[in-house]
Amino acid sequence: MRVGLTGGIATGKSTVSAYLQEQGVAVIDADLVARAVIEPGGLAYEEVKAEFPSAFSDGQLVRAKLGDIIFYDSEKRLVLNELMHPKIRQQMLQQADEYEQAGQALIVFDIPLLLEGDWKQLVEQVVVVYCKAELQKKRVMERNQLTAEEAQARIDSQLDIEQKKRLADYVLSNEGTREALYQQIDQWLETVRMTG
């Protein structure tokens, strides 16, 4: 079974992803794949470098520069996504096939923008890691040392968390303790293993 894991910035998706890996679940992280495809020699390197030359220094992508460009410009963000997504998808599907051939029954695609793009068709179930918008903003500010305005710009660059919650097949609420979140993950894994 292929499952899509998503959430909003600072809702706790990385915590869920790490816990799933500790439980022996095959997790394919779109962010890691995105980093790989944009390294020199990667599938999207030349195209992104040609389109966003100011985000590169000495042949290497400077992520902060690219972030500054795309967080405030939805058109440029769209261009970047159009360059990157097909290459990321290609690499992720290849990894999923390899996991399945190795006998993994559950593959989790960890994709921050799962519901913003056309990624949903790759998975049989969507799991959203959720917390209320106020808590999300507070976490972004603390984690990334950002002003309220900077944090809001990053949150606004993604689909609203309430909308993601409505589109989910399963919601993991991350407003309490880490242990409470782990218990929810264990319950979800149980249901997946029983149905899958």
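A salt bridge here is a side-chain nitrogen of Lys or Arg within 4 Å of a carboxyl oxygen of Asp or Glu. Keep in mind that this is a predicted model, where local features need pLDDT of at least 70, side-chain atom pairs count only at pLDDT 80 or more, and totals for chains, interfaces and linings use all residues. Residues are numbered from 1 along each chain as its sequence is written, and side-chain values use heavy atoms, leaving out hydrogens and water.

The rule gives 8 salt bridges, including these:

| Pair | N to O distance |
|---|---|
| Glu100 and Arg2 | 2.9 Å |
| Asp110 and Lys13 | 2.6 Å |
| Lys76 and Asp73 | 3.6 Å |

Asp110 sits in strand β5 (residues 107-110) and Lys13 in helix α1 (residues 13-22), so their pair ties together parts 97 residues apart in sequence. Helices (H or I, at least four residues) and strands (E, at least two) are DSSP runs, numbered from the N terminus.

How exposed are the partners? Buried means under 20% relative accessible area, exposed over 50%, and partly exposed in between, with a 1.4 Å probe and protein chains only. Asp110 is buried at 1%, and Lys13 is buried at 9%. Lys76 is partly exposed at 37%, as is Asp73 at 25%.

Now to the threonine: Thr6 lies in strand β1 (residues 2-7) and is buried, with 0% relative accessibility. A polar atom of the Thr6 side chain lies 2.8 Å from the backbone oxygen of Pro112.

Definitions and conventions. A polar contact is a pair of N or O atoms within 3.5 Å; within protein, one must be able to donate a hydrogen and the other to accept it, and residues adjacent in sequence count only if both atoms are side-chain atoms.
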